[in-house]
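Student: I am new to this structure and would like to learn how to read it. Please show it to me, and I will ask about one feature at a time.

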Amino acid sequence: MDLLAYWRWDNYLRDLNEGAGFHFNSNQKRLHSEIQIGERLWLVTGKPAQGGIQYILVAKLIVIGKTFNPPEYKYGKYRVWGDIKNSAYFSSDGPDLNELLLTLKFKSGRKIKSKDLIGQSLQTIRVLNPDDANILVEWSKFLSLEPRAYQIIDEELLEKSFEKDENSVKEAITKYHIGPSEKRKSFLKRIFKRNRRHAELLQEKYLGRCQICAFDPIILYGVRACYGHHIVYLSRGGIDELDNLILICPNHHEIIHSTNAVFDFYDLCYLYQNGRREPLVLNLHLKGYIS
Ligand SMILES: [Zn+2]
Ligand SMILES: [Zn+2]
């Protein structure tokens, strides 16, 4: 079933500032239990406006993955990932959603009784019935897209610049990473050395082997060939910490990028779009729920 969730205005802005993530976090279990892969998560924010809060539909995520965040992650235990191609971020200057919200019946059949109760009602993620979903589909056809969510550098391009030198990073970010805030852009330009150090640390920790398949280029060929890959992309708000990095071989790296595979901290598995799950065979630095 489609879900409707409330996205706090400050969290929504943070997401745009750091590089639209096309994912959503919550501590509510129904973010996982009430939605299936391929279904839609609709996100509404409450924008501060004259005369009270204005409710706006700001995103539609077509779910391609449901994962757990690292234990103690501050924005919630559960995450859903949207398909970047087919999901959408809408402009927060879009039309007021108040009236429409009051017409939704939800799976429970219980409408929101009045405008004053919208905020409170949306604190719980709501399950939509098929009619509600159609209403939102129609509504979203007339919304304009939020440009900042689309002016994001390709992660592989960013990674390549990090492999080159500090100037390439600066150039790549200035030229292709237009959407995020100036603060985030200057942060990314500053972390070059730290990023190198982290990757080096993983090379030493795992003796250059792939954490997913244990491919060992050093024993086989006498050279390093694995990459430090960011689990949540740096271009999409990922943090520059060791627990957001994983050491993987060129094959896994290629496949993970080309299939938009996502990482599940529950059991430390990579999760592919065809349903395949691959656990880590080497792990000394990532903490999951059942490891
Ligand atoms: Zn591998
Ligand atoms: Zn990568």
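Student: Which residue in β5 is the bridge partner of Ser26?

Tutor: Two conventions come first: this is a predicted model, in which local features need pLDDT of at least 70, side-chain atom pairs count only at pLDDT 80 or more, and totals for chains, interfaces and linings use all residues. Residues are numbered from 1 along each chain as its sequence is written, while chains are lettered from A and ligands numbered from 1 in the order in which they are written. Strands of a sheet pair through backbone hydrogen bonds, either parallel or antiparallel. Here a strand is a DSSP run of E with at least two residues, a helix is a run of H or I with at least four, and both are numbered from the N terminus. Two strands pair if DSSP finds at least two bridges between them. In β5, Tyr78 is the partner of Ser26; β2 (residues 23–26) and β5 form an antiparallel pair with four bridges.

Student: Over how many bridges do β4 and β5 pair?

Tutor: Five, again in the antiparallel sense. Val63, for example, is opposite Gly82 of β5.

Student: Are the faces of β5 covered or open?

Tutor: In a regular strand the side chains alternate between the two faces of the sheet. A residue counts as buried if 20 or more other C-beta atoms, placed from the backbone, lie within 10 Å of its own. In β5, Tyr78, Val80 and Gly82 on one side are buried, and so are Arg79 and Trp81 on the other.

Student: Which residues have the most contacts inside the largest nonpolar core?

Tutor: Such a core is a set of buried Ala, Val, Leu, Ile, Met, Phe, Trp, Tyr and Cys residues joined through C-beta atoms within 7 Å. This one has 66 residues, and Leu41, Leu43, Val44 and Val58 have the most contacts in it. Strand β4 (residues 52–68) gives the most to the core, nine residues. The core lies between domain 1 (3–149) and domain 2 (155–279), because both give residues to it; the domain bounds come from an automatic or database assignment.

Student: At what angle do α6 and α7 pack?

Tutor: Axes are lines fitted to C-alpha atoms over the stretch in contact, and angles run from 0 to 180 degrees between N-to-C directions. Helix α6 (residues 155–164) and helix α7 (residues 166–176) pack at about 155°, their axes 7 Å apart. That makes the two helices roughly antiparallel, a label for angles over 145 degrees.

Terms used: Buried ≥ 20, exposed ≤ 12 C-beta atoms within 10 Å, placed from the backbone. Parallel < 35°, antiparallel > 145°, perpendicular 65-115°, else oblique.
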